[in-house]
Amino acid sequence: MKTRIPVLIAALALLLVPPAPAAAADGSTVKLSKSQAGTGGSVTVTGSGWRERALLMILICGQSVPSRGVIGGTNSCANADGRAVTTDAEGRFRKELPVAEPPVPCPCVVHVATVTGAKAQADAIFQVAGHAVEPLPAEPAGGRLSVLNDTRLDGSSGLLTWFGAPPARTLVFTVGNVGTSAIKNPVFQVGTSHGVFAPQWEEQQWRGTIEPGRKAQIRLPVELAAGAHGDYTVSLKYGGKVLAEQPWGVGRPWGVTLFWVLVCLVVPAAVFRIGMAVVDRVRPPRPGGARQRGLRLPELTLRLPRLTSREQAPASTSTLPWFTPDADPGTAGRLSAPHDDSPTSPTTPSRKAQT
């Protein structure tokens, strides 16, 4: 009876004392306001030591412990109830996280990871009250691979990629066999994700054998969809555990934009010219058109009526009427300019007065 009392006191002390902050290898830490809560409740997540102004994703993940990480990746997390937060200028954050049951049994953790930029993550132990708890899957016996150096993406974009061809790179990394048996033809999973979306995994087999205590450089091809652009993340998984992540910034295919701009300019101009050519051929010729201008003068000349011999004026009678010769008897004695002989003229005397 005396030995049970100290055990009970120690258990109560563990429940009352707040959980210690979980620290990652890069110095980023995560601390929870409580170690257990039920669905519908909330827990306050605080952190420090992160990159300044970094965008973080906070999730509750099952089938995970800080020592092994999130075994099933984000598929083991309650993604719909996650929260995003941005660190301040000193790399700290504070966020209220609703408690939700992950899709797999506990043990569970609160998983915090960066969304963009350099990758960093940290886990803190958390128990979802009322959620099932099952043992973690056993680690594979024998050979075990571990990434020994930073991964990189080799390759560059060509002219076809500028016009929308699928961007392609080669994921290069070095792994070492830290197990007790050789690994032959290991099968890796390479995933690509855009923004906050989950990776799309694809299995790729490397041909070769890695003996215990040996290392090998592995090169795996990575390809995105046609026209892809923006910030992507290439993830490497082996044995159900994510080994490495590499950011990949893909430029916009400006050649496609240039192509559509040219299409919008050239096609309407070509259609307009074709339409004008069709209209010019279909419409009837106009009398005043450009084609008839060269024939108008000859036609007018031919269509002028010809004067007869009676209607033709003598070429020599080009003088004024009052200077015509005395060919007409009625014009004799009138060699001056004509004047008004009307009886109503006030200045001209009447014929009776003259007589």
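Numbered in sequence order, the bonded cysteines of this protein pair up as 1-2, 3-4. The structure is a predicted model, in which local features need pLDDT of at least 70 and side-chain atom pairs count only at pLDDT 80 or more, while totals for chains, interfaces and linings use all residues. Residues are numbered from 1 along each chain as its sequence is written, and side-chain values use heavy atoms, with hydrogens and water left out.

A search of the whole structure turns up 2 disulfides, a disulfide being a pair of cysteine sulfur atoms within 2.5 Å. One of them is formed by Cys61 and Cys77, with 1.9 Å between the sulfur atoms. This pair ties together distant parts of the chain, 16 residues apart: Cys61 sits in strand β5 (residues 55-61), and Cys77 in the loop between β7 (69-70) and β8 (83-86). Helices (H or I, at least four residues) and strands (E, at least two) are DSSP runs, numbered from the N terminus. The torsion about the S-S bond of Cys61 and Cys77 comes to about 95°, so this disulfide is right-handed. Cys61 and Cys77 are both buried; buried means under 20% relative accessible area, exposed over 50%, and partly exposed in between (1.4 Å probe, protein chains only).

The other bond joins Cys106 to Cys108, again with an S to S distance of 1.9 Å. Here the torsion about the S-S bond is about -90°, so the disulfide of Cys106 and Cys108 is left-handed. Cys106 and Cys108 are buried too. What kind of peptide bond joins Cys106 and Pro107? It is a cis bond, with omega at about 20°. Pro107 itself belongs to the loop between β9 (93-98) and β10 (108-114).

Gln63 is not a glycine, yet its phi is positive, at about 55°. It lies in the loop between β5 and β6 (64-65), and its 24% relative accessibility is why Gln63 counts as partly exposed. Asn185, another residue other than glycine, also has a positive phi, near 50°. Asn185 is in the loop between β15 (183-184) and β16 (187-194) and, at 21% relative accessibility, counts as partly exposed.

Next come the strands. β16 and strand β20 (residues 230-238) run antiparallel and pair over 6 bridges, where pairing takes at least two bridges found by DSSP between two strands. Val190 stands opposite Leu236 in β20. On to β21 (residues 241-250), which pairs with β20 in the antiparallel sense over 9 bridges; here Asp231 faces Gly249 in β21. β20 and β21 make a hairpin with 2 residues between them, and Gly239 in the turn has a positive phi of about 65°.

Finally, the surface carries a nonpolar patch with about 920 Å² of accessible area together, its members being Leu159, Trp162, Phe163, Trp254, Leu258, Val261, Leu262, Leu265 and Val266. Two or more residues come from each of α2 (159-162) and α3 (254-282), and α3 gives the most, with 6 residues. Patches are made of residues with over 30% relative accessible area and no salt bridge, joining like charges within 9 Å and nonpolar side chains (Val, Leu, Ile, Met, Phe, Trp, Tyr) within 5 Å. A salt bridge is a side-chain nitrogen of Lys or Arg within 4 Å of a carboxyl oxygen of Asp or Glu, and accessible areas come from the Shrake-Rupley method with a 1.4 Å probe, only the protein chains shown counting as cover for residues. Leu265 is found in helix α3 and counts as exposed at 58% relative accessibility.
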